[in-house]
Amino acid sequence: MKKIIKSILTVSVLFLALQQFSAQKVVVGREVETTSDGKMLLGNQLKEKFLEAPYSDWYVKEHDEYALDQKAISELKKAKINSYNMVVFMGTWCEDSHRDFPRLMKILEEVKFPESKLTIIAVNRKKESPTGDEVRYNVQKVPTIIVERYGKEIGRIIEMPTTGYIERDLAEILKKDDQSVIKEIFNK
């Protein structure tokens, strides 16, 4: 019995050590200085970073002045947007990101979207990040807002919302997801 316990313990320790060794360290809040664009965020970010200069110049104004579509906000709450994950690619040098990223953050605050389910990735002008996630997600333009459920992409908003409102586009994405689940159930 002692040999079995000792073997299990040894395998467990080796497994944990291997996991730690293979875990990739992700740097959060990376900021670089460029000759053409000045300060730029690059890679994984927390929303608090956008409240710092020079990003706060455009972030705070757009965030505070944006008028939410309350009907779409209600739809997002009803569709349980908080049960989804979101990955956002944006550029601190990009005018579309300056407009839509603060608006998205205001929407997510309004629906009390958990920050643990949100990944913000800032890219350079070539749409590259230090971790290369833009390749995995096939990001060509910014901002790109990707909605996922159970690790599977269910929809995305590229560059600007087709309805003119991010919250309306998000509601449409969630409606399509509900319909596809219903189809799967009844087509079997």
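Student: In which loop is the place of Glu 159?

Tutor: In this predicted model, Glu 159 has its place in the loop between strand E7 and helix H6 (166–186).

Student: Why does Glu 159 count as partly exposed?

Tutor: Its relative accessibility is 28%, and partly exposed covers the values between the buried limit of under 20% and the exposed limit of over 50%, so Glu 159 counts as partly exposed. The backbone of Glu 159 also has a phi near 65°, a positive value in a residue other than glycine.

Student: What makes Tyr 150 exposed or buried?

Tutor: Tyr 150, which lies in the loop between E6 and strand E7 (152–158), has a relative accessible area of 77%; because exposed means over 50%, Tyr 150 is exposed. Tyr 150 too has a positive phi, of about 55°, although it is not a glycine.

Student: How do you know whether Lys 49 counts as buried or exposed?

Tutor: Lys 49 is found in the loop between strand E3 (43–45) and H2, and its relative accessibility is 17%; since buried means under 20%, Lys 49 counts as buried. Leaving aside neighbours within four places in sequence, Lys 49 is in contact with Gly 29, Glu 31, Leu 41 and Tyr 55.

Student: What joins Ala 53 and Pro 54?

Tutor: Ala 53 and Pro 54 are joined by a cis peptide bond with an omega of about 5°, and Pro 54 lies in the loop between E3 and H2.

Student: Why are H2 and H4 called oblique to each other?

Tutor: Helix H2 (residues 56–65) and H4 pack at an angle of about 50°, with their axes 8 Å apart. Angles under 35 degrees count as roughly parallel, those over 145 as roughly antiparallel and those from 65 to 115 as roughly perpendicular, with the rest oblique, and therefore H2 and H4 are oblique to each other. The contact is made by residues including Trp 58 and Tyr 59 of H2 and Phe 101 and Met 105 of H4. By class, this contact of H2 with H4 has five nonpolar, three polar and six charged residues.

Key:
Residues numbered from 1 in each chain as written. Predicted model: local features only at pLDDT ≥ 70, side-chain atom pairs only at ≥ 80, totals over all residues. Heavy atoms only, no water. Axes fitted to C-alpha atoms, helices over the stretch in contact; angles between N-to-C directions. Helix = DSSP H or I, 4+ residues; strand = E, 2+ residues; numbered from the N terminus. Contact = heavy atoms within 4.5 Å. Nonpolar A, V, L, I, M, F, W, Y, C, P; charged D, E, K, R; others polar. Buried < 20%, exposed > 50% of the residue type's maximum accessible area, 1.4 Å probe, protein only.
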